[in-house]
Amino acid sequence: MSITLCLPAEAAERVEDAVAEAMEPFYLDAPGREENRIWDSWRIVSRAFNVLPGHEADRRLVAPRPSRWGYVEPPVNDFGWCAGGPRELLDFGASTEEARQLADAVWLHWHQLAAELPAAQPHDVYYDRHVTEGCAYPREQAAADYWSQPLLRAYEEHRAALSTARYSSGFLLLTDPVVQIGREPRERFVERWAAVALPRRNVLSLGGWWYEDGGPVAHGACRHRDDCPHRPELPDGQQHIDRYLVDLPGDTLLVGLHCHV
C-alpha cells in the first residue's frame with residue numbers, strides 16, 4: 001500500500017531518518033504493541049506527486065532512494081514528478097470538476113470522429129479471432145489490428161494530447177473505446193471516470209495519525225485504539241484527507257512511501 005507522510009519543515013535536512021522515526025510506531029514487530037502493527041518494510045517512491053510547473057529543478061524536492069531493506073526504486077525520467085517536497089511546490093490542482101470536463105470532451109470527440117470515419121469493430125472481434133486461430137493470429141497482432149483502425153487512431157491521438165498527468169494513472173485509458181465510449185451514455189461515461197480520476201491517498205499526518213482508506217484510524221502515540229484519549233486530527237473520509245493536505249503550511253514536507261504490509 002502507498003501512503004503520504006507529512007513531516008515538519010525541519011525534516012528536510014534529514015529526510016530518511018525523519019521518515020523512519022514517524023513510521024516506527026506502526027512497525028509490524030514494534031515491541032509492546034498489540035495494535036497499529038501495519039508495515040514490515042517501506043521505501044520512498046519516485047512518482048508520488050506532480051510538481052508545480054516551473055519548480056521541476058528545485059533542490060528542495062525529494063528524490064527516491066534505496067530502501068533500508070535493499071530495494072532500489074527503478075529510475076524514472078518523468079519530468080514533473082517527484083517523491084515529495086514542500087507542499088507549496090507540489091501540484092494539488094486536479095479536481096473532480098475538471099475531470100468531468102476532460103471525460104466529457106473525450107466522449108464528444110469520439111462521437112464527432114465516429115460520424116466522419118469508418119465504423120470501428122470492437123476489440124472482441126479481434127480477440128475472438130485470436131482465440132480461434134491461436135498462434136497463427138497472436139494476441140499482439142489482434143491488439144495492433146484493433147488500434148490501427150482509423151477511428152481508433154484518431155481517437156488515441158486526441159486522448160494522448162489531453163492534460164491528464166495530475167490524475168490517477170489509469171484515468172481515461174480505455175481498453176475498448178468502441179464499447180466503452182461508443183455504447184455508453186454520455187452522462188454515465190462522464191460520472192464513471194470522474195469517480196476514479198483523483199488518486200486516493202492514505203496519510204500519516206503531522207500529529208502521527210494513520211489514515212488508511214477503508215481502515216480504522218490509528219494514532220502512533222497510543223498502544224490501543226480504544227484507550228487513545230486524543231482527538232483525531234481530521235474526520236474519516238477521503239475528502240477530508242485531500243483538504244487536509246491542501247491546507248497544510250506551505251513548508252510542510254510531504255513524502256510518498258510504498259509500504260509492504
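A: Begin with what counts as a strand: a DSSP run of type E with at least two residues, numbered from the N terminus. By that rule Thr 4 lies in strand β1, which covers residues 2-7. Keep in mind that this is a predicted model.

Q: How many helices and strands are there in the chain?

A: The chain has 8 helices and 9 strands. Its C-alpha trace spans about 65 × 40 × 40 Å along the principal axes.

Q: What percentage of the residues of the chain count as buried?

A: A residue is buried when its relative accessible area is under 20%. Of the 261 residues of the chain, 41% fall in that class. As for contacts with a separation of 6 or more, 71% of those in the chain are between residues 24 or more positions apart.

Q: Is Thr 4 buried or exposed?

A: The cut-off for buried is under 20%. Thr 4 has a relative accessibility of 4%, so it counts as buried.

Q: Which residues is Thr 4 in contact with, leaving aside its neighbours within four places in sequence?

A: A contact requires heavy atoms within 4.5 Å. For Thr 4, the partners are Phe 49, Arg 201, Asn 202, Val 203, Leu 204, Leu 245, Leu 254 and Val 255.

Q: Which strands does β1 pair with, and in what sense?

A: β1 pairs with strand β9 (residues 253-260) in the antiparallel sense, over 6 bridges. β1 is also joined to strand β6 (residues 203-204) by 2 bridges, and these two run parallel. Leu 5 stands opposite Val 255 in β9 and opposite Leu 204 in β6.

Q: What other pairings does β9 have?

A: β2 pairs with β9 in the antiparallel sense over 4 bridges. There, Arg 43 has His 258 as its bridge partner, and Ile 44 stands opposite Leu 257. Strand β5 (residues 84-86) is antiparallel to β9 as well, over 3 bridges, with Val 255 as the bridge partner of Gly 84.

Q: Why is β9 described as largely enclosed by the rest of the structure?

A: The description follows from a count: 6 of the 8 residues of β9 are buried, so β9 is largely enclosed by the rest of the structure. For β2, the burial can be read face by face. Ser 41 and Arg 43 are buried on one side, and Trp 42 and Ile 44 are buried on the other, leaving both faces covered.

Q: Which residues of helix α1 are buried, and what covers them?

A: In α1 (residues 15-23), the buried residues are Val 15, Ala 18, Val 19, Ala 20 and Met 23. Their cover includes β1, β2 (41-44), β6, β7 (209-211) and β9.

Q: How should I read the packing of two helices?

A: Two packed helices are described by the angle between their axes and the distance between the axes. For helix α2 (residues 96-116) and helix α5 (residues 150-160), the axes come within 10 Å and cross at roughly 150°. That angle makes α2 roughly antiparallel to α5. The crossing of the two helices is right-handed.

Q: Which residues meet where α2 and α5 pack, and how do they divide by type?

A: On the α2 side they are Ala 105, Val 106, His 109, Trp 110, Leu 113 and Ala 114, and they meet Leu 151, Leu 152, Ala 154, Tyr 155 and His 158 in α5. The residues of this contact divide into 9 nonpolar, 2 polar and no charged.

Q: Where does Gln 149 lie, and is it buried or exposed?

A: Gln 149 is in the loop between α4 (139-147) and α5. Its relative accessibility is 9%, so Gln 149 counts as buried. Not counting residues up to four places away in sequence, Gln 149 touches Ala 120, Gln 121 and Tyr 126. Sequence separation and spatial distance can also be read together: Gln 149 and Leu 117 are 32 residues apart in sequence and 9.6 Å apart in space, C-alpha to C-alpha.

Technical notes: Residues are numbered from 1 along each chain as its sequence is written. This is a predicted model: local features need pLDDT of at least 70, side-chain atom pairs count only at pLDDT 80 or more; totals for chains, interfaces and linings use all residues. Side-chain values use heavy atoms; hydrogens and water are left out. Buried means under 20% relative accessible area, exposed over 50%, partly exposed in between (1.4 Å probe, protein chains only). Axes are lines fitted to C-alpha atoms, for helices over the stretch in contact, and angles run from 0 to 180 degrees between N-to-C directions. Angles under 35 degrees count as roughly parallel, over 145 as roughly antiparallel, 65 to 115 as roughly perpendicular and the rest as oblique. A crossing is left-handed if the near helix is turned anticlockwise from the far one by less than a right angle, and right-handed if clockwise. Ala, Val, Leu, Ile, Met, Phe, Trp, Tyr, Cys and Pro count as nonpolar, Asp, Glu, Lys and Arg as charged, and the others, Gly among them, as polar. Two strands pair if DSSP finds at least two bridges between them.
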